Amino acid sequence: DLNTNRFTGFIPFFGSLPNLVLLDLAINKLEADDWGFVSSLSNCSRLNMLALDGNNLNGKLPSSIGNLSNSLDYLWLSSNKISGPIPPEIGNLKSLSTLYMDYNFFTGNIPPTIGKLYKLVDLSFAQNRLSGQIPDIVGNLVQLSMLELDHNSFSGRIPASIARCTQLTILNLAHNSLDGHIPSKILTISTLSIELDLSNNYLSGGMPDEVGSLLHLKKINMSNNRLTGNIPSTLGQCVDLEYLEMQNNLFAGRIPKTFANLVSIKHMDISGNNLSGKVPEFLKSLKSLHGLNLSFNH
């Protein structure tokens with residue numbers, strides 16, 4: 001464990017340490033050179049955790065990443081300058097439960113081999129330059145608790161297969177170019193409790209009534225899309241909701257009376273829509289509410 005120091009230079013070869021279980025070089029100023037150290041690490045057959053996040057690694061991630069230990073559980077590559085495609089060989093790491101590749105410069109598609117990582121619990125490709133469609137194969141990752149694909153250039157529809165990930169607590173697909181309707185099935189993932197963020201896309205159609213199934217969700221962000229119709233009254237069933245952001249859409253009708261049940265709400269922004277009627281009296285009974293934006297409506 002050498003993390004959080006000021007080490008510089010190239011990562012050396014650790015292949016002469018066959019019993020190495022944990023290698024944590026995170027938060028330094030290390031560089032990759034030709035990434036030969038990855039091939040060297042394939043000799044460490046007991047390696048369980050590899051943390052390289054927060055360094056100055058650049059260039060392409062080599063295909064030899066797929067030759068790492070069969071027992072590798074945690075792989076952190078976040079906050080570097082790694083570019084090029086995600087090697088399909090990453091699908092060989094069948095024991096991975098945690099894969100963080102966010103805050104890099106990865107391009108291209110998510111390789112379909114990612115669907116082989118059945119044990120994944122946390123997966124983040126956020127803040128990259130990935131494109132293409134989100135593959136249906138993501139629905140095979142049924143152990144997922146967190147899926148973060150935000151701040152990329154993904155297009156096409158949200159795959160309904162994500163609904164098979166019935167243990168998700170966080171789903172973040174924000175800041176992409178996704179279009180089409182919100183699949184109603186993903187709003188029935190009852191474990192969603194921390195965050196559902198679909199903001200800053202091109203989603204259209206209404207918000208499905210199934211959103212009322214998210215009884216324990218703390219944060220919903222649907223802002224900056226092209227959603228239409230009335231705000232579903234079932235949203236009032238989300239009694240643990242603390243943050244609701246639906247601004248800059250095309251919602252019409254009135255603020256649902258069921259919003260009186262949102263007793264945990266702290267911040268509500270439904271500005272920039274086509275809502276009409278009066279400001280509801282019941283809003284003053286929401287004791288937790290400290291931020292309210294109703295501007296640019298009717």
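Of the 85 residues in the largest nonpolar core, the ones that touch the most other members are Leu 75, Leu 99, Phe 125 and Ile 162. Helix 1, residues 36–41, gives the most to this core, with three residues. By nonpolar core I mean a set of buried Ala, Val, Leu, Ile, Met, Phe, Trp, Tyr and Cys residues joined through side-chain atoms within 4.5 Å. Buried stands for under 20% relative accessible area, exposed for over 50%, and partly exposed for the range in between, with a 1.4 Å probe and protein chains only.

Please keep in mind that this is a predicted model, in which local features need pLDDT of at least 70 and side-chain atom pairs count only at pLDDT 80 or more, while totals for chains, interfaces and linings use all residues. Residues are numbered from 1 along each chain as its sequence is written, and side-chain values use heavy atoms, with hydrogens and water left out.

Leaving out residues up to four places away in sequence, Leu 75 touches Leu 50, Ile 65, Ile 90, Leu 93, Leu 96, Thr 98, Leu 99 and Tyr 100; contact here means heavy atoms within 4.5 Å. In soluble globular proteins, nonpolar side chains tend to be buried together.

I turn to the overall architecture. The protein has one helix and 24 strands, where helices (H or I, at least four residues) and strands (E, at least two) are DSSP runs numbered from the N terminus. Its C-alpha trace spans about 70 × 35 × 25 Å along the principal axes. Of the 298 residues, 53% count as buried.

How are the strands arranged in the open sheet? Twelve of them follow the order 2-4-6-8-10-12-14-16-18-20-22-24, with parallel pairing. Strand 2 and strand 24 (291–293) stand at the edges with a single partner strand each, so one side of each has no neighbour in the sheet. Two strands are taken to pair if DSSP finds at least two bridges between them. At one end of the order, three bridges join strand 22, residues 267–269, to strand 24 in parallel, and Asp 269 has Asn 293 as its bridge partner there.

Strand 17 runs parallel to strand 15 (residues 177–180), to which two bridges join it, and Tyr 202 is the bridge partner of Asp 179. Two bridges also join strand 17 to strand 19, again in parallel, with Gly 205 opposite Leu 227.

Finally, some individual residues. Is Cys 238 buried or exposed? Cys 238 is buried, because its relative accessible area is 0%. This residue sits in the loop between strand 19 (226–230) and strand 20 (243–245). Apart from neighbours within four places in sequence, Cys 238 contacts Val 211, Gly 212, Leu 214, Leu 215 and Leu 262. Cys 165 also counts as buried, at 0% relative accessibility. With a disulfide defined as a pair of cysteine sulfur atoms within 2.5 Å, the count comes to zero.

Asn 28 lies in the loop between strand 2 (22–24) and strand 3 (29–31) and counts as buried at 6% relative accessibility. Beyond four places in sequence, its contacts include Leu 2, Arg 6, Phe 7, Gly 54 and Asn 55.
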